[in-house]
Amino acid sequence: MSDFCVKKSKLTDVANGISAAMLIGSYTFCVCAAAGLGKWSMLICSLICCVASIGNKNKIFAPSTALLVPVLIIIGQASAATLALSIALGSLLFLLMKKGKASISITPVVKGGVGLGIALVATILLTNLYFGIGASGAEAFEMLKSYRYLGFHPNFRGLLYGTITLFAMITYPFKFKKLNKHIPASFITLAVPFLLNLILNPVAELTTINEIPTVASNVFPLSSLVSFDKIKISTLLEGIISTAFLLYLNCAEEKKVRPAITNVSTGLLSGMPVQEHTCAGFSPLSAVVCYALCVVAFGFFPEILSRIPMHCVGAMLIVSVWQNVPYKSLSEAFGKKKISSLIFVVLICVGCIFYAYPVLFVCFCCSQIKKEAKDAKG
């Protein structure tokens, strides 16, 4: 009887490892693809996520879409080394902020407004990937100007693949709640259009859609950290502050320091910020299985994975970003002062589109001033 229980437990651990590989692998692939990073970033990030997830009850780490906007803006303005240092040092700053949590508070209207503003900025930046327009711009306003200049001319076959991902990412978790725990939506919504692309568009050299050439490349942040002349100081400082603020926005209420420490590691070594995702379970055996599958996929078959349509990457990340919006905070913000809260949220959203970094900093300061004023009255 005991042998049967042990075998059953091991099979469960293996199954959890396979499910984790689907989730970690799909998010790692998409965020690295959007940032233009290659297989080494994917392999290093997935390794750290697997190790850091051991002993983390019902939670595993995978690349974060809540912190995707700083990644896209930094990589659009500077080098991969600047990105790596921004995420790592921003995570360290977050630890210092969290240590003084008693004196730092984020009001619901700021949390909800910034969350909504960041989702809008991410959507503007990622729409270029989803529709395959060929626009350019490191920030949201620059991208909007590029859309206006080029006109809106999507690649319709790519748009088909991306739309399949978009609708599946939204509907799959609701229609198949139990199955979603074992085969995550992030994986299935990439796998289906990927197979469809291989069938309808079998010859890579003659492809008519945007695919992902950077998967097989050897570019990753760690190799460029020795070249300090490639680090853009102004972007680095902005990246550190925005990373710390967004981490605090999403993780300040948690008592654990593991997310921040994991972000320091994944940021410095792979350039990727991470966040926790819910899982059924994760043991050391699950971690071994998970990373083995990631190594097989990213290490041995990057050329095949490069056939995944970039349109699907954009669509999957857009949905995931909107799933991270703190809707509960928005509800709290509109509970009492509806008009003033609405005006403030709109101003934050518009500000994020035009001046993302300064707005994040101003919102943080405003939240602090409001708290101190409230404490003084009390």
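Me: What makes Phe141, Leu144, Leu342, Val346, Val350, Phe354 and Tyr355 a nonpolar patch?
Reply: This is a predicted model, so the values are computed from it. Patch members need over 30% relative accessible area and no salt bridge, and nonpolar side chains are joined within 5 Å. These seven names meet that rule and form a patch on the surface. Together they have about 620 Å² of accessible area.

Me: Which helices supply at least two residues each to the nonpolar patch?
Reply: Helix 6 (140–150) and helix 17 (338–354) do. Helix 17 gives the largest share, four residues.

Me: Why is Phe354 called partly exposed?
Reply: Phe354 sits in helix 17. Its relative accessibility is 36%. Buried means under 20% and exposed means over 50%, with partly exposed in between. Phe354 therefore counts as partly exposed.

Me: How do you know that Glu211 and Arg307 form a salt bridge?
Reply: The closest N and O atoms of Glu211 and Arg307 are 2.7 Å apart. The cut-off is 4 Å, between a side-chain nitrogen of Lys or Arg and a carboxyl oxygen of Asp or Glu. The pair therefore qualifies. The structure holds one salt bridge.

Me: What makes this pair a link between distant parts of the chain?
Reply: Glu211 and Arg307 are 96 residues apart. Glu211 is in the loop between helix 9 (185–200) and helix 10 (221–224). Arg307 is in the loop between helix 14 (302–305) and helix 15 (310–323).

Me: Are Glu211 and Arg307 buried or exposed, and why?
Reply: Glu211 has 15% relative accessibility. Arg307 has a relative accessible area of 7%. The limit for buried is under 20%. Glu211 is therefore buried, and so is Arg307.

Me: Which residues have the most contacts inside the largest nonpolar core?
Reply: They are Phe29, Met272, Val313 and Leu317, in a core of 101 residues. Helix 5 (residues 108–131) gives the most to this core, with 14 residues. Leaving out residues up to four places away in sequence, Phe29 touches Met42, Ile212, Val215, Phe298, Leu305, Ile308 and Val313. Apart from this core lies another, of five residues, including Ala81, Leu85, Leu236 and Ile240.

Me: What makes helix 15 mostly covered?
Reply: Twelve of its 14 residues are buried. Among them are Met310, Val313, Leu317 and Val321.

Me: How do you know what span is expected for helix 15?
Reply: The expected span is 1.5 Å times one less than the number of residues. For the 14 residues of helix 15 the expected value is 20 Å. From first C-alpha to last, helix 15 reaches 20 Å, close to that expectation.

Me: Why is Ser91 called buried?
Reply: Ser91 lies in helix 4 (residues 80–99). Its relative accessibility is 0%. Buried means under 20%. Ser91 therefore counts as buried.

Me: Which residues does Ser91 touch, not counting those up to four places away in sequence?
Reply: Ser91 touches Thr243, Leu247, Ala260, Asn263 and Val264. The C-alpha atoms of Ser91 and Asn263 are separated by 6.1 Å, although the two are 172 residues apart along the chain.

How values were computed:
Residues are numbered from 1 along each chain as its sequence is written. This is a predicted model: local features need pLDDT of at least 70, side-chain atom pairs count only at pLDDT 80 or more; totals for chains, interfaces and linings use all residues. Side-chain values use heavy atoms; hydrogens and water are left out. Patches are made of residues with over 30% relative accessible area and no salt bridge: like charges are joined within 9 Å, nonpolar side chains (Val, Leu, Ile, Met, Phe, Trp, Tyr) within 5 Å. Accessible areas come from the Shrake-Rupley method with a 1.4 Å probe; for residues, only the protein chains shown count as cover. Buried means under 20% relative accessible area, exposed over 50%, partly exposed in between (1.4 Å probe, protein chains only). A nonpolar core is a set of buried Ala, Val, Leu, Ile, Met, Phe, Trp, Tyr and Cys residues joined through side-chain atoms within 4.5 Å. Contact means heavy atoms within 4.5 Å.
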